[in-house]
Each structure stands twice: as C-alpha cells, then as structure tokens.
Amino acid sequence: MIASTTSNRRTAFFSAIALVALASVSIVACKSKPPAAATTERTPVTPPPAVKKHLYSAEADPKADIASTLKQASLEHKRVILDFGGDWCGDCQVLDIYLHQSPNLELFDKNFLLVHVDIGHFDKNLEIAEQYNIPLKKGVPALAVLDSNGKLLYSQQAAEFGDMRYMYANSVTDFLNRWKA
C-alpha cells in the first residue's frame, strides 16, 4: 500500500513537470531559444488560434517549390515571399491570419506568390534559410522576398515578425506595400 501511494505521488509529480514543460514550450515555441524573463506581461493583439492551420508541409521539397514558384512569378510579374516557420508556431499562424485579411489579401494576391518552408523544430531546411540569409536562431516566422528572377531583395534579420501576435495587421500591410512588384 505504501509503495503504491509513493508510486502514485511520483507519477503525479512527473506529470505536473511534463505539463509545465509543455506549457513553457508553447509560450516560447516561435523562438529557437527562450527569451529572457519579461518584467511586464504583454497582451497579444491577435492570439494564435487554438486549432492550428496546416501551412508548412514536412513532406514538401522547398527547393522544387521555390523553383516552380519563381517560374510562375516570372510569368505573372510577381515577387515571391519565402515564409520560414512551422505549424507549431503561434506567430506563424497569426501572420497567416493577417495575410488573409483585407487589405492585405488583395495586395498580396496582386503582387506576390508564397512558399512556406518548414523548418521542423529548427532542424530542417537550414541550408535553404542560410541560402536566403535568414537567421533562424532569432525566431520565426522569418521572411525573404525574391524578385521574379530569384534575386534576393530582402531577408528578415532582426525577427521583425517574430512577435506577430503582438503586432497589428497594418505591419503586414506596410511590409507588402514596401516590397510589392
């Protein structure tokens, strides 16, 4: 009886630790390293959705996707946005929400094509991120903009969209207006 009670307490203890660990990962999941402890609590402008949208395919071939998208961009006279991230990333999900809101959707559809590049848990497609000068260690979503010939026009250097949930949709509008074709 005593051994059973001790075993139950031990199981409950390790279950509680696992839940705390899981919660902390979901809070800072969009960064490769957890941020330093914040002194003030911030409230998201747009919280990540409870049900994540499938944006980043683990089975995709991003090199082939980029090549075919560049061909299409050349024909349509558009630019290509490479979006590095993962379905687990709340800020990546919020970026997708903002891209599908007006006026961003219209601006995006007129000027851009999109390639999602799955980074796994900062362990996939790292050579592609490096090729486009994306410092993944600063967090995701991380964006690069290419012209229709594949020339790199912009690569996110300072985690500009890494805290998307705390930003307004007009930050995406400003970005799209700056880099539109």
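Over which residues does pLDDT stay under 50, and how many contacts beyond four places in sequence does the model have for them? I began with this because the model is predicted, and I found that the stretch is residues 10-29, for which there are four such contacts. Where pLDDT is low, the predicted coordinates should not be read in detail.

**Entry: aspartate 83**

I looked up aspartate 83 next and found it in strand β1, which covers residues 79-85. Is a salt bridge present or absent at aspartate 83, and which side chain of opposite charge is nearest? Aspartate 83 is buried and has no salt bridge, and the nearest side chain of opposite charge, that of lysine 53, is 10 Å away. I did find a polar contact of 2.9 Å between the side chains of aspartate 83 and tyrosine 56. Leaving out residues up to four places away in sequence, I listed what aspartate 83 touches: Tyr56, Leu95, Leu114, Val115, His116, Val117, Pro141, Ala142 and Leu143.

**Entry: β1 and β2**

I then followed the pairing of β1 with β2, and I noted that the two strands run parallel and are joined by seven bridges. Within this pairing, leucine 82 stands opposite valine 115 of β2. Why is strand β2 described as largely enclosed by the rest of the structure? I found that five of the seven residues in β2, which spans residues 112-118, are buried, so the strand is largely enclosed by the rest of the structure.

**Entry: asparagine 133**

I turned to asparagine 133, which lies in the loop that runs between α5 (126-131) and β3 (142-146). Its relative accessible area is 44%, so I recorded asparagine 133 as partly exposed. I also checked its C-alpha atom against that of alanine 144, which is 11 residues apart from it along the chain, and the separation is 8.2 Å. Not counting residues up to four places away in sequence, asparagine 133 touches Leu152, Ser155, Gln156 and Gln157.

**Entry: β3 and β4**

Finally I looked at β3 and strand β4 (residues 152-155), which pair in the antiparallel sense over three bridges. The bridge partner of valine 145 in β4 is tyrosine 154. Which residue takes a positive phi in the hairpin of β3 and β4? I found that glycine 150 does, with a phi near 95 degrees, in a hairpin that has five residues between the strands.

Conventions:
Residues are numbered from 1 along each chain as its sequence is written. This is a predicted model: local features need pLDDT of at least 70, side-chain atom pairs count only at pLDDT 80 or more; totals for chains, interfaces and linings use all residues. Side-chain values use heavy atoms; hydrogens and water are left out. Helices (H or I, at least four residues) and strands (E, at least two) are DSSP runs, numbered from the N terminus. Buried means under 20% relative accessible area, exposed over 50%, partly exposed in between (1.4 Å probe, protein chains only). Lys and Arg count as positive and Asp and Glu as negative; His and the chain ends are not counted. A salt bridge is a side-chain nitrogen of Lys or Arg within 4 Å of a carboxyl oxygen of Asp or Glu. A polar contact is a pair of N or O atoms within 3.5 Å; within protein, one must be able to donate a hydrogen and the other to accept it, and residues adjacent in sequence count only if both atoms are side-chain atoms. Contact means heavy atoms within 4.5 Å. Two strands pair if DSSP finds at least two bridges between them. pLDDT is the predictor's confidence in each residue, from 0 to 100.
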